[in-house]
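Student: I have a structure open and would like to learn how to read it. Could you take me through some features, one at a time?

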Amino acid sequence: MTVPPPRSGDPTQATRTAPQEPQPPEAPSPFAGLGRTFDSALLRGLGNITRRALGPYQTAIVRIGFAGTMLAFLLREWPHRNTLYGPDSPWGHDLATRFVDDTGGFTLLLWSESGLWFELIYHLTIAVCVALLIGWRTRATSMLFMIGVLSVQNRSVFMGDGGDNVIHLMAMYLVLTRCSQVWSLDARRRARQRAAGGAPGDTVGIVIWAVLGGLVAMALAGGKLESPVWTAFFLGMWLVHAYWWLIRRHAPGEPRVVSEMIANLVHNAALLVIMFEVCIIYATAGWYKIQGSRWQDGTAVYYPMELDYFNAWPELSQLITGSGMLVLALTYGTVMVQVAFPFALLNRRAKNVLLVLMMGEHVGIAVLLGLPFFSMAMIAMDAVFLPTAFLVWLGGRSRRLTAPLARVTGRWRRPADVAADDEAPRDVDPAPDRPAWAERT
């Protein structure tokens, strides 16, 4: 007999088809999406450091600061140049040559003992400082600035006051930066070329590099450039700039884009090295001070102010040294500011406060101890951490101050020149995904 199928209301069937108890949903993994987030952040970071040269205003103020400091030093010592760095120097040519050979340094002033050769190099260095200060052909003049700084400083290594070491380092770093994006004649020239619809070009800079390459070849042929390190460096820089000129003139498209990305990457790496160098200088200075007994008992500031060699303003120095609490505060404050500065970079407000304190400290050193060029070099080095908003405001104020001079001389700036100063440089993308640290530095 055939059994009929159960009816829909059959309790036995309902029991067999009843759904099981619902299971609680699984908790999401704490690592869910972490890989995608990391990949996205990594791609944005790579894009930020290759698509544009960061810190255009910071590198410009560093360029202006160090070129101005070296220019002021050379002009200040101009009456005594022969005694300090020339043929009349007590650090004679033989001693200087032996020292440079042992240390592997570089200086043009030891290539000849002629007084005419010394005058030529010294005054060319002054001219290069002016060119770098105003941002004229900075790719070539930054290289010449480094050569001039090394030539003067390595001729008489005992003539510095501490600031020469900072200028020595920063002169080499500036060669690797694109420090003429703003506040330079190069920026105005590029703006005019773009306004005219022409491709940016630099014929004068190419001529300078060609002359520099010829001088390097003559030095090698004459046996003047014996160091393999400096030989490789100069030849490498010449080849890199020759390649750059060929790419920009004759290979538009992907090769030029890749070259721009590499140039931005080198610039950003050099900017990071400059920032790291500032942190190293202050950290080591602060921690070494902590180990000194005079810094521990709070009397270290007293002693240099009592030395006649550093006593530029005796009345002011006596006013400070006459107060034990003020000497104690200056001593401990100096140590705390120098030790805390690298950690203060994690907070924008703390960093800006410490920047003001350190620049004030260097102004005090210039006035009280009579070391203006050391203080100028240190302030120029600290400027790499100045906020972009402040630097833009400073540029606007400087234009307002120079506007009456432009009206008196009758030299009106073109709209392209104004745009070159007021707006961000073309190769700096004001995209919203700009990293926070780049905006805050």
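Student: Where is Asn 311 found?

Tutor: First, a word on what you are looking at. This is a predicted model, in which local features need pLDDT of at least 70, side-chain atom pairs count only at pLDDT 80 or more, and totals for chains, interfaces and linings use all residues. Residues are numbered from 1 along each chain as its sequence is written, and side-chain values use heavy atoms, with hydrogens and water left out. To place a residue, we use helices (DSSP runs of H or I, at least four residues) and strands (runs of E, at least two), numbered from the N terminus. Asn 311 sits in the loop between helix 14 (302-305) and helix 15 (314-321).

Student: Which residues is Asn 311 in contact with?

Tutor: Contact means heavy atoms within 4.5 Å. If you leave aside neighbours within four places in sequence, Asn 311 is in contact with Met 305, Ser 317 and Leu 368.

Student: What does the side chain of Asn 154 reach?

Tutor: The side chain of Asn 154 reaches the backbone oxygen of Phe 106, at 2.8 Å. Asn 154 belongs to helix 7 (residues 138-155). Not counting residues up to four places away in sequence, Asn 154 touches Val 100, Gly 105, Phe 106, Thr 107 and His 168.

Student: Is Asn 154 buried or exposed?

Tutor: Buried means under 20% relative accessible area, exposed over 50%, and partly exposed in between (1.4 Å probe, protein chains only). Asn 154 counts as buried because its relative accessible area is 13%. Compare Asp 94, in helix 5 (residues 93-103): at 59% relative accessibility, Asp 94 counts as exposed.

Student: What about Ile 64: where does Ile 64 lie?

Tutor: Ile 64 lies in helix 3 (residues 56-76). With 25% relative accessibility, Ile 64 counts as partly exposed. Beyond residues up to four places away in sequence, Ile 64 touches Leu 133 and Trp 183. Sequence and space can also be set side by side: Ile 64 and Val 130 are 66 residues apart in sequence, and their C-alpha atoms are 9.5 Å apart in space.

Student: You mentioned Trp 183. What is its phi?

Tutor: Most residues other than glycine have a negative phi. Trp 183 has a positive phi of about 55 degrees although it is not a glycine. Trp 183 lies in the loop between helix 8 (163-174) and helix 9, and Trp 183 is buried, at 17% relative accessible area. Arg 137 is not a glycine either, and has a positive phi of about 50 degrees. Arg 137 is in the loop between helix 6 (115-134) and helix 7, and is buried at 13% relative accessibility. Just after helix 9, Gly 197 takes a positive phi of about 80 degrees.

Student: Which residues line the largest cavity?

Tutor: The lining is made of Met 143, Trp 209, Leu 212, Gly 213, Val 216, Phe 234 and Trp 238. Helix 10 (203-221) and helix 11 (228-250) are the elements that give two or more residues, and helix 10 gives the most, with 4 residues.

Student: And how many helices and strands does the protein chain have?

Tutor: The protein chain has 21 helices and 0 strands. Of its 441 residues, 41% count as buried.

Conventions
1 Å grid on protein atoms, 1.4 Å probe; cavity = no way out; pocket = protein on both sides within 12 Å on 5 of 7 lines; lining within 4 Å. Polar contact = N/O pair within 3.5 Å; in protein donor to acceptor, adjacent residues only side chain to side chain.
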